[in-house]
Amino acid sequence: MQVTREDLNPCTVQLTIACDADQVKQGFEKAYKQLAKNIRVPGFRPGHAPRNMVQAMIPKQDLFEQAADNIVRTAFKSALDEHKLTPYSQPSVDLKELNEDESKAEFVAKVPLQPVVELGEYKALEAEQPPVEVTDDEVEAQINELRARKSTREAVTHRGVEEGDVAVVNIRAEGETGDGRNFMTIAGQTFPQLDQALLGMQAEELKSLELSFPDSFQEKDWAGKKMKCQVTLRSVNAVKMPELDDDFAQSLSTESVESLRNRVRELIGQAKLNMAHEYVVEQLLEGLLRTSTIHVPDTMWESVASRRLQELNQDQQQKGKSMEEYAKEQGMTLEQLVEAWKTESKLHVQRAVAVRDIFEREKMTLSNQELNRELGTMAQEFEMDPKALLETLKKNQALDELQFRAIFRKVTEFLKENAKIKDVQMASK
């Protein structure tokens with residue numbers, strides 16, 4: 001067996017392992033015996049039938065996978081012993097070659113070692129506290145948003161289109177066959193040429209004009225093109241918001257307009273406090289990493305990035321989009337998107353390692369009350385009953401996620417208590 005070692009960084013070792021012929025033969029032989037136990041041949045006990053009788057009954061893919069597992073396990077353990085390496089977490093393995101006929105096998109393994117953490121001073125980090133006061137304008141804007149959600153639509157027949165009206169528009173490009181394409185739009189929120197054309201139009205009125213469709217237009221074959229079109233306004237509806245009175249307030253489970261305003265002010269205030277807290281924590285963690293030296297195994301952040309990209313891909317597939325399309329919407333190529341998530345994942349892992357290190361240095365512990373508090377917060381996020389969520393976490397062997405959230409909260413609160421925080425409003429006066 002030939003092993004080539006490369007130290008990628010202080011806590012990631014890459015081993016390129018070329019197995020010898022005997023290792024490959026033994027791996028396949030063991031795989032035949034393992035799989036033969038599940039095959040019944042009349043006249044023989046399971047696992048005791050002659051190999052030439054069983055061999056044809058074993059799926060090649062199953063044999064390949066089992067042999068690969070046997071060979072990699074044995075060779076990898078030998079390579080670890082040879083180089084005196086103890087993995088810190090799950091290694092990653094990339095099988096490059098496996099050939100039974102030629103008795104060849106080669107794979108590359110990344111071995112994660114203990115993270116290297118040299119923390120800077122973390123008890124006097126600096127941050128700025130954004131303002132959390134709630135203004136009357138913010139309260140009124142939120143109440144108007146609530147009114148908009150309970151708004152109704154009424155057909156408009158006595159006037160032309162105004163900004164904010166909901167319009168059903170038919171657009172037929174010159175030279176295209178058929179009845180054109182229908183769109184539901186909000187006047188003033190499409191694109192400049194179409195907005196200008198729609199304003200003032202009445203139901204069933206039509207216009208002929210040249211339209212320059214934006215690159216982001218929903219009809220991909222029209223996006224970025226300039227075409228002569230016929231625009232027909234099929235229908236127009238005005239949005240009517242309910243009156244701001246006690247009836248409206250009571251429909252939102254408050255007694256009066258004044259109590260509604262108080263409730264909205266309270267909710268905005270809480271949201272601002274939460275955002276201010278997250279903003280301060282973000283600054284503290286940035287400062288912590290800036291003054292520290294933290295090396296983490298590549299396998300840790302690579303697995304995080306891979307999982308996140310898989311989840312993102314599934315989300316886009318459900319929406320009928322490809323990852324390339326999603327990346328373009330974000331102003332990136334697919335390669336740039338992947339690299340961005342790798343960078344982000346590495347940052348998250350470095351932060352997690354730093355947080356755990358502080359937790360241990362400060363000899364912190366978690367109480368049942370703190371774990372239950374975090375469970376309640378997670379339950380709200382996932383809109384689940386806390387007991388049901390706990391059972392789900394146990395079933396998926398994900399209790400570590402609950403524990404780390406509680407650790408993260410405790411450490412970041414500790415950092416905040418010991419930080420030098422300036423109020424932005426006071427500093428600007």
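Modeller: Axes here are lines fitted to C-alpha atoms, for helices over the stretch in contact, and angles run from 0 to 180 degrees between N-to-C directions; helices (H or I, at least four residues) and strands (E, at least two) are DSSP runs, numbered from the N terminus. This is a predicted model, in which local features need pLDDT of at least 70 and side-chain atom pairs count only at pLDDT 80 or more, while totals for chains, interfaces and linings use all residues. Residues are numbered from 1 along each chain as its sequence is written, and side-chain values use heavy atoms, with hydrogens and water left out.

On those terms, the axes of helix 11 (residues 368-382) and helix 13 (residues 399-417) come within 9 Å and cross at roughly 110°. Angles under 35 degrees count as roughly parallel, over 145 as roughly antiparallel, 65 to 115 as roughly perpendicular and the rest as oblique, so helix 11 is roughly perpendicular to helix 13. Helix 11 brings Glu370, Leu371, Arg373, Glu374, Leu375, Thr377, Met378, Glu381 and Phe382 to the contact (heavy atoms within 4.5 Å), and helix 13 answers with Glu401, Leu402, Gln403, Arg405, Ala406, Arg409, Lys410 and Glu413. These residues divide into six nonpolar, two polar and nine charged, where Ala, Val, Leu, Ile, Met, Phe, Trp, Tyr, Cys and Pro count as nonpolar, Asp, Glu, Lys and Arg as charged, and the others, Gly among them, as polar.
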